[in-house]
Amino acid sequence: MNLQRIECFLMVAQHKSFSRAASDLFMAQSSVTGQIKKLEEEVGFQVLERGWDGVRLTPAGQCLWEEFKEIMERYTGAVNRCRQIAREDTSLLSIGYPNPPEWGNMPELIRRFRGQNPDVKLGLKLDKGKHLSEAFRTGALDILFGDMGYLEQLKGARVIHLFQAPFYVLIPPGHELESREKVTVEDVNRHRVFCLSPKTRDVSIGILSGHMKEAGVKLEQLVPMPHREDVVACVYAGMGLGIVPGTLAPDHYQARAAVLDAPQAYFSLGCACHNNGENKLRDKFIDLARKHWWMRQETT
């Protein structure tokens, strides 16, 4: 029995899909299928069966899943602790967060932490959610920042809520709403609106689209764009309004940024860390993050 075989089994059971498991594991679907077949041959019974609603565990597979899940959690924790010992360097802390670099005003948080802990070596990884979650899952990251809905999908992680961010409505120069500090949903629904496309972004953008729908924004009139810069460009050219998640300070944009004023128009951001025992350096960074003023205009 090898770890990759166990990992494939756990991932297929989690997603109830061979294709989604293969995507998360960065493997070909045929390879994942092959690993499950070898697993069943090795244990001597069927662990998964296909149904109209996807793949599901057999009763014996459910029992095996529970045992393997505990084994993998213990293995991951042991490896993380041993890595710390092997490198003989307790002053190294690895942190990951989504692009762009200014996300959540992270540079300010890092600057403050370095000022208080000048001897600490910080390793930073900025990437898309899928790649960050893979790095976190393998123990390459000590702390991962992101959307709470995304972080809560990380199995076995300790997730900490840090702050709630609004949506910003980007307003082109000379627009009738340009003087507003806040913009209502009714105002937004009267105009053409550009936004990030959930089909071309990470799962967190899909979660944000759900928040906009709850707030009453008419999703059918939104014009999806692949990148944040595309949204800003269309707004700056006077083609319409834009809606972006408030993970960057308003002065980051080349257009007026007003808060979308609706009770449901916000999303929660936080961080995740491993449940692998005491890590004073990690906990010190998280404590500072709890006190951190996340938006640039609020920093002093």
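A residue counts as buried when its relative accessible area is under 20%, as exposed when that area is over 50%, and as partly exposed in between. These cut-offs are applied here to a predicted model.

Salt bridges are treated first. The structure holds 13 of them. In one, the side chains of Arg5 and Glu42 meet, with an N to O distance of 3.0 Å. This pair links distant parts of the chain. Arg5 lies in helix H1 (residues 3-15) and Glu42 in helix H3 (residues 29-43), so that 37 residues separate the partners. The two ends fall into separate accessibility classes. Arg5 has a relative accessible area of 13% and is therefore buried. Glu42, at 39% relative accessibility, is partly exposed.

A second salt bridge joins Arg111 and Glu108. Their closest N and O atoms are 2.7 Å apart. Here both partners belong to helix H5 (residues 106-116). Because Arg111 and Glu108 are three residues apart in this helix, about one helical turn separates them. Glu108 is buried, at 12% relative accessibility. Arg111 reaches 48% and counts as partly exposed, since the exposed class begins over 50%.

Through salt bridges that share partners, Glu176, Arg180, Asp187 and Arg190 form one network. In general terms, side chains of opposite charge can pair when their charged atoms come close.

Burial was also examined along helix H6, which spans residues 129-137. Gly129, Leu132, Ser133, Ala135 and Phe136 are buried in this helix. Viewed down the axis of H6, the buried residues fall within an arc of 160°, and therefore line one face of the helix. Several elements cover these buried residues. Among the strands are S3 (92-98), S4 (121-127) and S5 (143-147). Strands S6 (157-171) and S12 (266-274) also contribute to the cover. Helix H7 (148-151) is included as well. Just after H6, Gly139 adopts a positive phi of about 90°.

Methods
Residues numbered from 1 in each chain as written. Predicted model: local features only at pLDDT ≥ 70, side-chain atom pairs only at ≥ 80, totals over all residues. Heavy atoms only, no water. Salt bridge = Lys/Arg side-chain N within 4 Å of Asp/Glu carboxyl O. Helix = DSSP H or I, 4+ residues; strand = E, 2+ residues; numbered from the N terminus. Buried < 20%, exposed > 50% of the residue type's maximum accessible area, 1.4 Å probe, protein only. Arc of directions from axis to C-beta. Contact = heavy atoms within 4.5 Å.
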